[in-house]
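Here's a quick briefing to read with the model open beside you. Have a look at the fold before you go on.

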Amino acid sequence: MNRLFFLFVLGFFAVKFGYAQHSFKTSNTDTLAQATLQTCVQYALQHQPLLQQSILDEQIVEKTIQTKLADWYPQLSASYYLQHNFQLPAFYFGGNYVRNGTTNASNLGLTLNQNIFNRDALLASQTAHQVRTQVKQNTTSNKIDVTVNVSKAFYDVLLTEKQVEVLDLAIARLQKNVQDSYHQYEAGIVDKTDYKRATISLNNTIAQRKQVNDLVKSKFVYLKELMGYPDSANLHLSYDTTTMEKDAFIDTSVNVFFENRIEYQQLVTQQKLQQANLKYYKWGFIPTISAYGTYNFNYLNNDFGKLYAQNLGNSNIGLQFSVPLFQGNKRVNQIKQAELQIDRLGWDVVALKNRVNTEYANALAVYKGNLANYNALKENLALANDVYETIQLQYNSGIKTYLDVIVAESDLRTAQLNYYDALYQLLESKIDVEKALGIIKY
């Protein structure tokens, strides 16, 4: 029997330990086949440690609420004792000391208590919904931050990859120019300065490409960190440049609604909780009321073998009232303190509205500036491409010098880099506008 009990206990703890280990494991081995912006954000929402902690916080708060609400249920307790008196207790009676009692005594007591008015339990009941809302709003705030950060990091990686592509194309053009200028030099058409200039430009571009390519790796690491993505797993971003360009535009005539901001919603919840806290302190002047009932099984006998032969029980029921009469104005000061905290939260709301207006004005101004810059640089890219192709043809025909080709190629490369940089800045500023408006989607 003892062996079976031991095996049962051992198996129970093995299951519990295995479950605990399993519940702590994360699915960080998951990878993305197509890492679009949407899938990266969704992956981060499921694997980012901060968000996982927020979800656990919701569960912890829920268990805390259930613990507090349990005070409204009947509280049943039991007690038991068994006592053997080597010497009976002595009493002074009629001018003499008399020993009285029994050698053996035992008691089994049951006590039932029911709260009728208890301000702690009442506060838990009235604030349970707001407390749940508060912790959910904290999770929502974290989701917004993760969405914003992952989106910006995603675009930043794309920008750097595009810079690598631009430099790869520039290197291919310059390598062809080096070969052409060398052949022309060998043929005696031009002097060796064209060939050397082409080589210098090629070497500079190769070095620049190496620097940018190293940045891609570090930015991928940062994106993986924000997503909670495995370090050793590959992450291949999937995107459509045309779609990105369309997504970069936003209606700039939208008005700000403070109710959409999660920070405003959190302050409203805090105000409700603070109002409940004020009521809690006011309830301090109301008696705490509870009903109780007890039943005691009493056993007394000098013969231990007959101790439980007869029950000399007793029972009772009653109401209990309890209220502090004077605490040095503690309750009055607590009420004043709670009222002042409510007033302070009101000023927090005012400050938030001012800050939101400022954030939106700044974000909108930056977005409009980036939009104008993007449109100008997009036009410059088309012009630079036409200029380079024209000068390249003129150089091959002997009309333009190689210096003109170098300048045109440099202008084209700069226009391409500036265009993608402008697109990234426009997308980033659009996210800031959406965050200021409180319309971030996740």
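Is Met 244 buried or exposed? Met 244 counts as buried, because its relative accessibility is 14% (buried means under 20% relative accessible area, exposed over 50%, partly exposed in between, with a 1.4 Å probe and protein chains only). Keep in mind that this is a predicted model, where local features need pLDDT of at least 70, side-chain atom pairs count only at pLDDT 80 or more, and totals for chains, interfaces and linings use all residues. Residues are numbered from 1 along each chain as its sequence is written, and side-chain values use heavy atoms, with hydrogens and water left out.

**Confidence**

- The protein chain has an average pLDDT of 88, and 93% of its residues reach at least 70 (pLDDT is the predictor's confidence in each residue, from 0 to 100).

**Overall shape**

- The protein chain's secondary structure comes to 9 helices and 6 strands (DSSP runs, H or I of at least four residues for helices and E of at least two for strands, numbered from the N terminus).
- With a radius of gyration of 39 Å, well over the 22 Å that the globule rule gives for 442 residues, the protein chain is more spread out than a compact globule (the radius is taken over C-alpha atoms, and the rule is 2.2 Å times the number of residues to the power 0.38).
- Along its principal axes, the C-alpha trace of the protein chain spans about 140 × 60 × 35 Å.
- Of the 442 residues in the protein chain, 35% count as buried.
- Take the contacts in the protein chain between residues at least 6 apart in sequence: 81% of them join residues at least 24 apart.

- Met 244 sits in helix α6 (residues 241–247).
- Leaving out residues up to four places away in sequence, Met 244 touches Tyr 155, Leu 158, Tyr 239, Leu 423 and Leu 427.
- Met 244 and Tyr 424 are 180 residues apart along the chain, with 9.5 Å between their C-alpha atoms.
- The structure holds 1 cavity of 30 Å³ or more (on a 1 Å grid over the protein atoms alone, a cavity is a set of points where a 1.4 Å probe fits but cannot get out, a pocket is an open set with protein on both sides within 12 Å along at least five of seven lines, and lining residues have an atom within 4 Å of a point).
- The elements giving two or more residues to the lining of the largest cavity are α4, α6 and α9.
- About 90 Å³ of space lies in the largest cavity (grid points are joined across faces, edges and corners, and a volume is the space filled by probe spheres set on the points).
- Residues lining the largest cavity include Met 244, Tyr 155, Lys 162, Thr 241 and Tyr 424.
- By class, the lining of the largest cavity has 9 nonpolar, 1 polar and 1 charged residues (Ala, Val, Leu, Ile, Met, Phe, Trp, Tyr, Cys and Pro count as nonpolar, Asp, Glu, Lys and Arg as charged, and the others, Gly among them, as polar).

**The largest pocket**

- The largest pocket holds about 570 Å³ of space.
- It has 23 lining residues, and the closest to its centre are Leu 37, Gln 38, Ser 151, Tyr 155 and Asp 247.
- Helices α2 (37–47), α4 (119–186), α6 and α9 (402–437) each supply at least two residues of the largest pocket's lining.
- That pocket lining has 11 nonpolar, 7 polar and 5 charged residues.

- Ser 429 lies in helix α9 and counts as buried, at 2% relative accessibility.
- Not counting residues up to four places away in sequence, Ser 429 touches Val 366, Tyr 367 and Asn 370.
- Val 350 belongs to helix α8 (residues 330–396) and is partly exposed at 37% relative accessibility.
- Asn 329 is found in the loop between β6 (314–322) and α8, and its phi is near 65°, a positive value in a residue other than glycine.
- Most residues other than glycine have a negative phi.

Note on methods
Contact = heavy atoms within 4.5 Å.
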